[in-house]
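Visitor: Could you show me around this model and explain the words used for its rings?
Guide: Gladly, let's look together.

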Amino acid sequence: MAENRPSASIEAVESGLAAQGYIASRQIATAVYLAQQIEKPILVEGPAGVGKTELAKAIAAWRGMKMIRLQCYEGLDEAKALYEWKYAKQLLYTQILKDKLGEVLGGAPTLEAALNQLHDFGDVFFSKEFVEPRPLLQALEQPAGCVLLIDEIDKSDAEFESLLLEILSDFQVTIPELGTVVAVAPPTVILTSNSERDLGDALKRRCLHLHIGFPEQRLEERIVESRVPGISQTLRKQMVSFIHEVRTLDLKKLPSVSETIDWARVLVLLQAPELGHEVVKDTLNVLLKYEADIEAASPQVSTFIAKATRQNVFG
Amino acid sequence: MRENLHRFFRAARGAGVKLSPAESIDAMRAVSKVGFTDRTILRDTFLLTLAKTQDEKKALGDCFDLFFDQPEPQSPPKDGKADEQDPSGSNAASDSPGDSSGGDEQAEGLGQLAQMLLAQDRSQISAAIANAASAASLSDIRYFTQRGIFSGRILDQMGIQRLRDDLGNLAATNPAVAERLTNALDGLRGTVRDTVSQALTLYGREEAENLRNEILRNAPLSRIEPRQVEQMRHLIRQIARRLRERYSKPRKRQRRGHLDVRRTIRRNAAWGGVPFLTAWKRRHRDKPKIVALCDVSGSVARVSDFFLLLIHSLHEVVDDVRSFAFSGHLIEVSDILESKSPEEAMAEIMSKVGFGSSDYGNSFDDFEHGWMSAITPQTTVIVLGDARSNDLDPRADILRRIAERSKRLVWLNPEGRMAWGWGDSEMPRYSTFCTVVRQCATAKQLERAVSDIVASYQ
């Protein structure tokens with residue numbers, strides 16, 4: 001009986017995400033379910049535009065949680081990702097304190113006592129009051145939990161990865177002056193990567209590893225259906241099967257789901273009843289992002305359209 | 001089931017998925033949440049928790065399918081045998097183990113295994129095999145050479161000794177039953193053999209591959225059999241990838257140096273030494289430049305083949321590589337190597353300059369006239385060849401000039417040191433001008449040599 005529940009809740013994840021317009025494959029749903037159950041981050045890898053970032057957004061929307069996003073880039077460091085001291089505020093307070101110094105120290109009979117009093121004030125300067133929380137610390141401090149999206153982790157330096165390790169395994173950060181900040185409610189962490197750089201084993205080990213590739217034809221049709229509601233069934237089938245043919249070519253950048261959706265929108269806008277040679281030629285630049293790719297694909301357009309139409313008739 | 005999970009983890013390691021204990025704990029936690037009933041969810045769970053790359057996911061998926069389909073396929077062959085024996089043995093079966101009242105004098109004298117085989121109870125037999133297999137710790141199997149040992153152990157566990165005694169006795173008293181039993185035993189042997197083979201594919205894949213690679217790595221490149229050439233290419237590419245991983249990282253990390261205190265103070269003198277502007281020491285590093293001269297004459301062709309392949313797989317670390325090939329005369333082959341697939345490139349190079357008898361003097365002369373300017377004080381020049389110049393003028397003077405122009409001159413010789421200087425080998429004369437001279441006859445030595453060259457630029 002206990003074994004019946006998990007698959008049911010995996011379906012619940014699937015339908016929950018679907019309600020937000022995110023059509024998840026079974027593997028994605030399983031990953032989201034497991035991440036919740038064993039409190040582990042998910043590392044999502046895959047080509048650009050297959051919905052890695054969208055997944056985080058959909059989870060946040062579905063669970064009604066705030067989403068905190070940290071965009072990674074080369075040179076990202078602690079001060080921008082974790083926390084920073086509010087120097088200006090500290091400085092201002094010192095100035096104010098300077099005037100009050102006499103009053104504060106006035107009561108101290110000896111130098112030693114005065115020093116001790118000063119030490120107490122010193123600690124005040126490195127307190128929560130003067131910490132400017134950046135995305136990671138913010139995520140830990142959300143009382144209701146949140147979805148923390150660490151986007152394009154492969155763009156950051158290797159050092160930054162090690163900075164993340166504490167958060168990823170224990171949902172806590174150590175600030176030397178303050179001590180350890182533990183998450184109020186463990187956030188759901190999604191890391192995305194385009195595999196531009198190989199990530200460290202330590203990071204990978206702390207995460208569930210999910211690879212999102214190009215979706216199967218059926219799934220992609222459902223995605224288009226949910227994202228571009230105005231599109232006719234015939235056109236949807238044709239365009240998706242056309243794109244699947246294009247993906248078999250050896251291109252610099254294969255069209256991914258986001259391009260599919262864009263293209264579907266364009267086709268709806270142009271009120272194309274079905275795929276035609278002219279329409280495809282005119283809009284190929286929505287699908288393919290390099291001149292060389294467009295050139296490579298152009299000669300194949302007619303055959304692909306023919307194939308797509310044929311497939312539509314039979315299946 | 002826990003036992004089963006552990007065996008699966010071991011199988012996964014065998015399939016080349018690197019699994020740490022922490023990961024297996026995660027997987028077990030995850031499995032405890034999803035349960036075992038739904039095979040596809042279980043499979044997804046393992047893929048999510050254990051595999052960390054796309055390749056690993058594929059290997060693990062295959063391993064999963066193989067592992068969880070394991071118990072079934074053993075039965076069918078047994079089935080066939082049982083059927084064809086049934087008519088002849090049906091009356092014997094009726095008075096053997098099943099009913100103890102009738103012919104128990106026959107069953108009584110027999111050992112457990114004999115009784116089991118005569119009873120033809122498939123599920124009982126496969127259970128017994130499984131038990132014996134785990135008693136013989138079959139999951140420790142790593143190499144195909146261990147197949148016989150493990151089969152033997154399993155059969156011993158099942159009590160084959162007793163069965164042999166039984167057979168000996170039966171041959172005298174009841175030849176019909178003895179024959180049935182012999183047939184059944186053959187069937188059992190087959191099944192056990194299958195079980196062991198399957199275990200080998202599950203648990204031994206990685207080890208077997210490692211072993212094969214290790215042998216290959218130490219095999220002389222010049223004497224590789226044709227069927228091994230493709231594996232060797234694969235191995236060389238692996239080596240190149242490893243070198244790339246090792247040497248492309250630190251270059252990036254060392255970009256920031258230490259604080260240059262003296263320059264910082266000098267620069268900030270205007271502010272009374274308060275360091276507003278900082279100056280950083282930067283370690284100057286040469287960009288790797290490699291010029292490779294490869295002898296492709298018949299005797300060393302295969303070695304230089306692999307060498308060129310390695311050099312060109314290394315392009316991501318070493319931007320500036322120029323390769324030349326020679327036997328009687330010398331040509332530049334950088335473009336050929338870069339634009340063509342390895343097989344085509346090698347074929348073309350060989351057709352242009354390969355297989356002739358080598359003339360080092362003439363080839364060096366070609367190089368000096370054509371490309372001497374390619375060598376700068378940052379260049380490492382690598383010469384690969386056996387230095388056998390067929391008693392022609394070795395032109396060691398050109399090599400000296402090459403050495404003077406370059407950062408380093410490395411000579412890789414596929415022959416052993418013992419052979420240097422014997423016959424027409426000009427090695428002693430050349431080696432005086434070389435920074436490093438090495439024997440380079442196996443993939444391992446090749447890797448070392450190239451690794452050292454790249455490391456010298458770090």
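Guide: Rings of Phe, Tyr and Trp (its six-membered ring) pair if their centres lie within 6.5 Å; planes under 30 degrees apart count as stacked, over 60 as edge-to-face and the rest as tilted. Ring pairs join Phe8(B), Phe9(B), Phe46(B), Phe64(B), Phe67(B) and Phe68(B) into a cluster. This is a predicted model, where local features need pLDDT of at least 70 and side-chain atom pairs count only at pLDDT 80 or more, while totals for chains, interfaces and linings use all residues. Residues are numbered from 1 along each chain as its sequence is written, chains are lettered from A and ligands numbered from 1 in the order in which they are written, and side-chain values use heavy atoms, leaving out hydrogens and water.

Visitor: How many aromatic pairs are there over all chains?
Guide: A search of the whole structure gives 22.

Visitor: Why is the pair of Phe8(B) and Phe9(B) called tilted?
Guide: Their planes meet at 50°, with the centres 6.4 Å apart, so the pair is tilted.

Visitor: What makes Phe67(B) and Phe68(B) an edge-to-face pair?
Guide: Their planes are 70° apart and their centres 5.1 Å apart, and the pair is edge-to-face.

Visitor: Why is Phe8(B) called buried?
Guide: Buried means under 20% relative accessible area, exposed over 50%, partly exposed in between (1.4 Å probe, protein chains only). Phe8(B) has 0% relative accessibility, so it counts as buried.

Visitor: And why does Trp280(B) count as partly exposed?
Guide: Its relative accessibility is 43%, so Trp280(B) is partly exposed.
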